[in-house]
Amino acid sequence: QALSEIEGMGGRGSNVQEMRVRPLAKRRVDMHSFCNPSGFQRSPYLSARGNFANVFQGSTEEGYKAYHADKYDEDKNPNGIINFGTSENKLCFDLMSKRLTQADMNLMDPSLLQYPDWKGHLFLREEVAQFLTYYCKAPGPLKAENVIVLNGCGSLFSALATVLCDPGEAILIATPFYGGITQSVFLYGNVKLVYVYLDSKITGTSTRPFQLTVEKLEKALQDARAEGVTVRALILLNPQNPLGDIYSLSELRDYLEFAKRHELHVIVDEIYMLSVFDESATFHSVLGMDRLPDPQRTHVMWGITKDFAVSGIRFGTLYTENQDVANAVASLCYFHGVCGPVQHKVAQLLRDRDWINQVYLRANHARLKAAHTYVTDELKTLGVPFLNRNAGFFVWIDFRKYLKTGTFEEELLLWKRFLDNKVLLSCGKAFECSEPGWFRIIFADKAHRLQLGMQRIRKVLEEREQEILAEEEQPCQSDQDGKADSTDEVIFVSRHQDPICASSSSLGDLIGLLQQQMRSSDWLQKNTAEQFA
């Protein structure tokens, strides 16, 4: 049982130090990744479970608390922390605030002030079914009876873990992954996570860095079973957070066929499905497939938090054809319901297809693309490799060359160095990345914060580079080990640039020079990210 492994924190059994040195294979969830046991004292008022929750830290909890205590404000606190760590879209508040305050949103019908059907009001579930049918390109109309509404996808992960797994059983997930899932399924549901470790090296059947393959899934599953761990489900994130990968139809089919062979449920989180901001990339929803290998074990999640830039409105929805699963999750909606007036607003939003298509998505995609271009151009100028993707709000960055010894301890020190310089990032360990030195940066922010944040990042990296040069006689001796494979996927030059063309290379140098000149002037302060792109 997962919680019995941390019972020592309640004062009965092994101590915190023993827990820290216990092999990861014996615990499946690396407690030290999520706890800060230094100076820990057991509370006599709490159970073992309560003591663990008391010291539990989510993937960015420490930085998140620091950010809220010292939040950047252009006028009131210009030296505050800029948050590039929390995955929020801050580019469309103008559009959403205008739409959510229009007359049709403001309804206080008596039915909205009473207890609803725990699955959600029928009018909302019908709108969700029609919305998903349209945007997921479903081959046939999706049904309202298969829709359940909860207050966010975190609650959905918790509910699904609870109804699909018994305590101590496990769910398969590829790393790196969004760390909040651990909080949802383990801390809340006492369900373990079995990691499918991905890395930047392109080996075997891989064609890109951090690629999920069936072979890797098979190995992780068999290793877990050899340790006596019962695996009940597989989690897929599509588009993937933090990588930005979009799975092809053939990849999705392979993963689902793998799950069917082993009678695993598949939980597919598609919360970034409308945040694919480049027309060259195509998103394929599981709900758009002609035939699901195992429809009774396939469950799809989506919410408005990311795609509609309203993380403060807690709304997530589950679509499953399995009525046993639907009813079991619905029974937990008593704890995770969405208030009636919000259900009305969400239904009005989802049915306004003209506004979504003609106004919101056009503007949102253009703004995301411009912000992504600005941040990646800055990384190119710095010579920092990154994964070039076109979905989500994040860039997965390779800072390994700034780690002298290449350890997670040094990664944490670099993360704290950024925070001390008033910019919050997310380090790879928070996503259970197997390679120290990878970071996630959120680019879905306004131009002036992007500019200042990147200036602060540049300062830290330049200082760190000078320190490494001063410390090492041959500063580049481990450089090859610290860089990702040289492919079109991990780059710091434009993917549209022909590497064998001398004129293109010269053009790239000229662009870099112009960017440096712009950076040293007040040009950017007077122009928008869209114009800069």
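User: Helices (H or I, at least four residues) and strands (E, at least two) are DSSP runs, numbered from the N terminus. In this predicted model, where is the place of Pro239?

Analyst: Pro239 is joined to Asn238 by a cis peptide bond, with omega about -5°. Its place is in the loop between β5 (231-237) and α10 (249-261).

User: Is Asn190 buried or exposed?

Analyst: Asn190 is found in the loop between α8 (180-188) and β4 (192-197). Its phi is positive, about 55°, although Asn190 is not a glycine. Buried means under 20% relative accessible area. Asn190 has a relative accessible area of 12%, so it counts as buried.

User: Does Glu263 count as buried or exposed?

Analyst: Glu263 also has a positive phi of about 55° without being a glycine, and it sits in the loop between α10 and β6 (265-269). The cut-off for exposed is over 50%. With a relative accessibility of 54%, Glu263 therefore counts as exposed.

User: How is α7 oriented relative to α12: parallel, antiparallel, perpendicular or oblique?

Analyst: The axes of α7 (residues 153-164) and α12 (residues 323-336) come within 9 Å and cross at roughly 130°. That angle makes the orientation of α7 to α12 oblique.

User: How many charged residues does the contact of α7 with α12 have?

Analyst: From α7, Ser155, Ala159, Leu160, Thr162, Val163 and Leu164 take part, and they meet Val325, Ala328, Val329, Leu332 and His336 in α12. By class, this contact has 8 nonpolar and 3 polar residues, and the number of charged residues is none.

User: How far apart are the end C-alpha atoms of helix α13?

Analyst: Helix α13 covers residues 340-351, which is 12 residues. At 1.5 Å a residue, α13 should span 16 Å. The model agrees with this, as the end C-alpha atoms of α13 are apart by 17 Å.

User: Which elements do the buried residues of α13 pack against?

Analyst: α13 is mostly covered, with 9 of its 12 residues buried. Among the buried residues are Gly340, Pro341, His344, Val346 and Leu350. The elements that the buried residues of α13 pack against are α5 (93-100), α6 (122-135), β7 (298-303), α11 (304-307) and α14 (353-382).

How values were computed: Residues numbered from 1 in each chain as written. Predicted model: local features only at pLDDT ≥ 70, side-chain atom pairs only at ≥ 80, totals over all residues. Heavy atoms only, no water. Axes fitted to C-alpha atoms, helices over the stretch in contact; angles between N-to-C directions. Parallel < 35°, antiparallel > 145°, perpendicular 65-115°, else oblique. Contact = heavy atoms within 4.5 Å. Nonpolar A, V, L, I, M, F, W, Y, C, P; charged D, E, K, R; others polar. Expected span 1.5 Å × (residues − 1). Buried < 20%, exposed > 50% of the residue type's maximum accessible area, 1.4 Å probe, protein only.
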